[in-house]
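Here are my notes for you, point by point. Keep the model open while you read and find each piece as it comes up.

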Amino acid sequence: MPKYLRFLFYSFGFIMTIFFIDSCADKKKKEDQTATFYVDETVMPMMDDQLAVFQSERTEKINLVPKTEGAILDLLKNDTTKLVVMSRVLSKSEEKRFTDKGIVPRITQIAIDGVALIANNKAKDSVIDLQNVIDFMNGKPVASIKGLVFDNANSSTIDFLSRKASVTKVDSKNIFALKSNNDVIKYISENEGYIGVIGVNWMTQPMPDMLNSTTNVKVLAVRNVKSEPNSSAYYKPSQTNLAEGLYPLTRKIYMLNYEGSVGLGMGFATFVAGDVGQRIVLKSGLAPVRLALREVKVRKDIENK
């Protein structure tokens, strides 16, 4: 073989070897990429669906860990995590530890959620005034409410309602917390007169082993307090009422990224906020942020008012 052909042959082989090594390294790098999001457990069913679709065609690994809002805030405070899914953004004081380091937060709203008030199916009323709930939170007796039952003492639901009621500390034997949203659903299904407070996602996407319990509870339509808009009618947390802000206990869901760089966490947030991710939000029974809405009737209890 002529020298120049041998040179070309070996040069080509060398280049292909380098290309192969680089390709393997890139593939291994992708496979080694991981990101862990700590997720407010009130929206965990929807986020589980997002993860299943996101990872169906990817080698990168996303971990979702359900936590209460209080636990998530502690993890952020202790620098244990920088990727979270919450029903609110951080306050300036909570965010200060990151901004002091020059980290610019990447905040992505991904859904419109609601805090659902549920009652036993045998309850005479299918509606409730938010003012009655606020009064009860402030220690005033309300004839129609034996007690309020929350999913967890550190949950975003109790924080959300406490803010609504302007209560800094809930101190009543008739206001108590269990361990999870499913525990609340089960308790309400077995006890009349109590009002359960849960994330609406746990009623629109109940776990298979909770179907019997969910059929024994109903989602209440809520009337806003008189000083607020839309106080002349009762609204249920349907997708339309959430999207239009008619339901009085509507809230937004955010993915918060304090990594300070573009990485897998930002890629997942971009997916959830994109067309496919927003369709998953729609299917979950929550209201998407960026899609035209259509009404999805998951249960008779969740129908529009």
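1. Start with helix H5 (residues 130–137), which is mostly covered: six of its eight residues are buried. Buried here means under 20% relative accessible area, exposed means over 50%, and partly exposed is in between (1.4 Å probe, protein chains only). The buried ones are Leu130, Val133, Ile134, Asp135, Phe136 and Met137. Helices (H or I, at least four residues) and strands (E, at least two) are DSSP runs, numbered from the N terminus.

2. Before you go on, know what you're looking at: this is a predicted model, where local features need pLDDT of at least 70, side-chain atom pairs count only at pLDDT 80 or more, and totals for chains, interfaces and linings use all residues. Residues are numbered from 1 along each chain as its sequence is written, and side-chain values use heavy atoms, with hydrogens and water left out.

3. What do the buried residues of H5 pack against? They pack against S4, S5, strand S6 (147–150), H6, strand S7 (175–177) and S10. H5 also lies across S5 and S10, running at about 60 degrees to S5. For angles like this, axes are lines fitted to C-alpha atoms (for helices over the stretch in contact), and the angles run from 0 to 180 degrees between N-to-C directions. After H5 comes Gly139, whose phi is positive, near 85 degrees.

4. Helix H6 (residues 156–165) is one of those neighbours of H5. Seven of the ten residues of H6 are buried, so the rest of the structure largely encloses this helix. Those buried residues are Ser156, Thr157, Ile158, Phe160, Leu161, Ser162 and Ala165. Just after H6, look for Ser166, which takes a positive phi of about 55 degrees.

5. Three strands form an open sheet in the order S5-S10-S11, with mixed pairing. Two strands count as paired if DSSP finds at least two bridges between them. Strand S5 (127–129) and strand S11 (234–235) are the edges, each pairing on one side only. Strand S10 (residues 221–223) and S11 are antiparallel and share two bridges; Val222 has Tyr235 in S11 as its bridge partner.

6. Strand S4 (residues 106–120) deserves a careful look: 13 of its 15 residues are buried. Which strands does S4 pair with? Strand S12 (residues 250–257) runs antiparallel to S4, joined by eight bridges, and Ile107 stands opposite Leu256 there. Strand S8 (residues 194–199) is also antiparallel to S4, over four bridges, with Val115 partnered by Gly199. Strand S9 (residues 217–219) runs antiparallel to S4 too, with three bridges, and Ala119 has Lys218 as its partner.

7. Is Met266 buried or exposed? Buried, because its relative accessible area is 17%. Met266 and Leu256 are ten residues apart in sequence and 9.2 Å apart in space, C-alpha to C-alpha. Not counting residues up to four places away in sequence, Met266 touches Arg106, Thr108 and Asn257, where contact means heavy atoms within 4.5 Å.

8. Next, the cores. A nonpolar core is a set of buried Ala, Val, Leu, Ile, Met, Phe, Trp, Tyr and Cys residues joined through side-chain atoms within 4.5 Å. The largest one has 38 residues, and Met47 and Phe268 have the most contacts inside it. A second, separate core of 32 residues includes Met137, Leu161, Leu249 and Ala287. Back to Met47: leaving aside residues up to four places away in sequence, it touches Val39, Leu64, Val85, Ile110, Met255 and Phe268.

9. On the H2 side, Met46, Asp49, Gln50 and Val53 meet Val276, Gly277, Ile280, Val281 and Ser284 in H12.

10. Finally, zoom out. The protein has twelve helices and twelve strands, and buried residues make up 48% of its 305 residues. Of the contacts with a separation of 6 or more, 75% are between residues 24 or more positions apart.
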